[in-house]
There are 2 protein chains.
Amino acid sequence: MNLPPLIQTFVLHFGEMGSRWGINRTVGQIYALLFLSRDPLNADDIVEALGVSRSNVSMGLKELQAWNLVRLQHRPGDRRDYFATPDDIWQIVRTLVDERKKRELDPTQTLLREVLMQRAGTPEERHAQERMREMHDLFELLTGWYADVQKLETERLIQLLTLGSKVQKILEMKDRLFVVPGGRGKRRDAKPSES
Amino acid sequence: MNLPPLIQTFVLHFGEMGSRWGINRTVGQIYALLFLSRDPLNADDIVEALGVSRSNVSMGLKELQAWNLVRLQHRPGDRRDYFATPDDIWQIVRTLVDERKKRELDPTQTLLREVLMQRAGTPEERHAQERMREMHDLFELLTGWYADVQKLETERLIQLLTLGSKVQKILEMKDRLFVVPGGRGKRRDAKPSES
DNA sequence: CCGATATTTCAGTAAGTTCTGAAAATACGG
DNA sequence: CCGTATTTTCAGAACTTACTGAAATATCGG
């Protein structure tokens, strides 16, 4: 590997973090390299930059494509495949969160739905099922929120994130303005289960 | 392993998902078992329920404690350690997200801060550093939002999640009510960098 | 089609992780 | 303190994942 120090630091870091992110070192490094690169790179560029085998790069790129994290491009008069990350970093985040949800949450959500259909016999099983229902309801709330937020334009999303919990203040203001004084509102319905 | 089918299904699933979540099979199974159990369990209970070695359970419990995901308890007149998950599932989510942030995001955030202090020489390095700045700003926005939201009471948090992007409507309403008509507001400041 | 260039597949090996049983350490009641 | 109950540590075995080089496959210009 022979990269400018700044770039090398970042690439090596991504490689090391890979294992925590559920990808392997090479995949992490390839991604970091593409992310920082001004221009798209072909497989041999990556081999040279990272000093790993050609086949390893091929597999890594395949995995990144499976994650929808890289874009395949071509240059006129050049048969090789060139790869790049999206320029828009928010697009990257959206893809990343989407894919992680798909891999890490959706299977469990499906299982919970199935298991909640079954009949629980013993008290032990009934307690377990109640726990699973709590988890299920929580998943539904989170994924519902996520689906909703994912639809927002980036500018709106940034606006929301910047506000943070100050949104709360606005909600309270709204309550004060529009809810019948003394009324409790319908807030309690939102809680998925008695905790 | 000899568990009621409902419980066994869930426990095995958590074991299989473990690798996607960055924990190993046994740790996943132990956690699932504790989560579903009405009462705290000791290490031998877990050995019996899962059919794994005593030492493996010991290590698994240690890891779960490092994640702050289980609580150690004692019973009067019994020297053994008993383990349980928090009853409040929202507490579990908060811990989980905290820990994942600590392991998966914070180290990169630190690295980005460091690398952005350095002087970029070549145009290649300057472009890379610009990319890192985009990532850095995005991390700052996300972690700022997260710190903010993590402070909310659970009830408020649920309220917010239930609203989802409908918050947007309320923001628009607020804008209409309070912003000088024709004024552009200060929204654009929020965008961390030109994308 | 042919030959050259580019990519993918795959078997074998290297490296890393998980798990076990045995031994060591710790904690406690008497 | 001693003996016992309990937990932890650890070396090695079993298993899983990552990586390589070589061979196979695919693609394209002529």
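This is a predicted model: local features need pLDDT of at least 70, side-chain atom pairs count only at pLDDT 80 or more; totals for chains, interfaces and linings use all residues.
Residues are numbered from 1 along each chain as its sequence is written, while chains are lettered from A and ligands numbered from 1 in the order in which they are written.

Start with the pair of chains. Two copies of a chain are related by a rotation about an axis and a shift along it. Here a rotation of 180 degrees, with 0.0 Å of shift along the axis, superposes chain A on chain B with an RMSD of 0.1 Å. The two copies are thus related as by a two-fold rotation axis. The superposition is by least squares on the C-alpha atoms of residues with pLDDT of at least 70 in both copies. In chain A, the residue that comes closest to the rotation axis is A:Gly22, at 3.4 Å (C-alpha).

Next, the interface. 61 residues of chain A are in contact with 62 residues of chain B; contact asks that the C-beta atoms of two residues, placed from the backbone, lie within 7 Å. On the chain A side, helix 1 (5-21), helix 2, helix 5 (89-117), helix 6 (123-150), helix 7 (154-163) and helix 8 (166-178) each give two or more residues. Helix 6 of chain A gives the most, with 16 residues. Helices (H or I, at least four residues) and strands (E, at least two) are DSSP runs, numbered from the N terminus. The chain A side divides into 31 nonpolar, 15 polar and 15 charged residues. In this count Ala, Val, Leu, Ile, Met, Phe, Trp, Tyr, Cys and Pro are nonpolar, Asp, Glu, Lys and Arg are charged, and the others, Gly among them, are polar. 100% of the interface residues of chain A are also interface residues in chain B, so the copies meet through the same surface.

Now turn to the DNA. There are 19 residues around DNA strand D, and A:Asn24, A:Ser53, A:Ser55, A:Asn56 and B:Ser55 come nearest. A residue is near a strand if its C-beta atom, placed from the backbone, lies within 6 Å of it. Two or more residues come from each of helix 2 (25-36) and helix 4 (54-66) of chain A, and helix 4 (54-66) and strand 3 (78-84) of chain B. Helix 4 of chain B gives the most, with 5 residues. The surface near DNA strand D divides into 4 nonpolar, 9 polar and 6 charged residues.

DNA strand C has 19 residues around it, and A:Ser55, A:Asp81, B:Ser53, B:Ser55 and B:Asn56 come nearest. Here helix 4 of chain A gives the most, with 5 residues. The surface near DNA strand C divides into 4 nonpolar, 9 polar and 6 charged residues.

In chain A, 3 strands form an open antiparallel sheet in the order 1-3-2. Strands pair if DSSP finds at least two bridges between them. Strand 1 (41-42) and strand 2 are the edge strands, each pairing on one side only. Strand 1 is joined to strand 3 by 2 bridges, and A:Leu41 has A:Phe83 as its bridge partner.

Finally, look at one loop. A:Asn68 is found between helix 4 and strand 2 (71-75) of chain A. A:Asn68 is not a glycine, yet has a positive phi of about 60 degrees. With 15 C-beta neighbours inside 10 Å, A:Asn68 counts as partly exposed. The cut-offs are 20 or more other C-beta atoms within 10 Å for buried, 12 or fewer for exposed, and partly exposed in between, with C-beta atoms placed from the backbone. In chain B, B:Asn68 has a positive phi of about 60 degrees.
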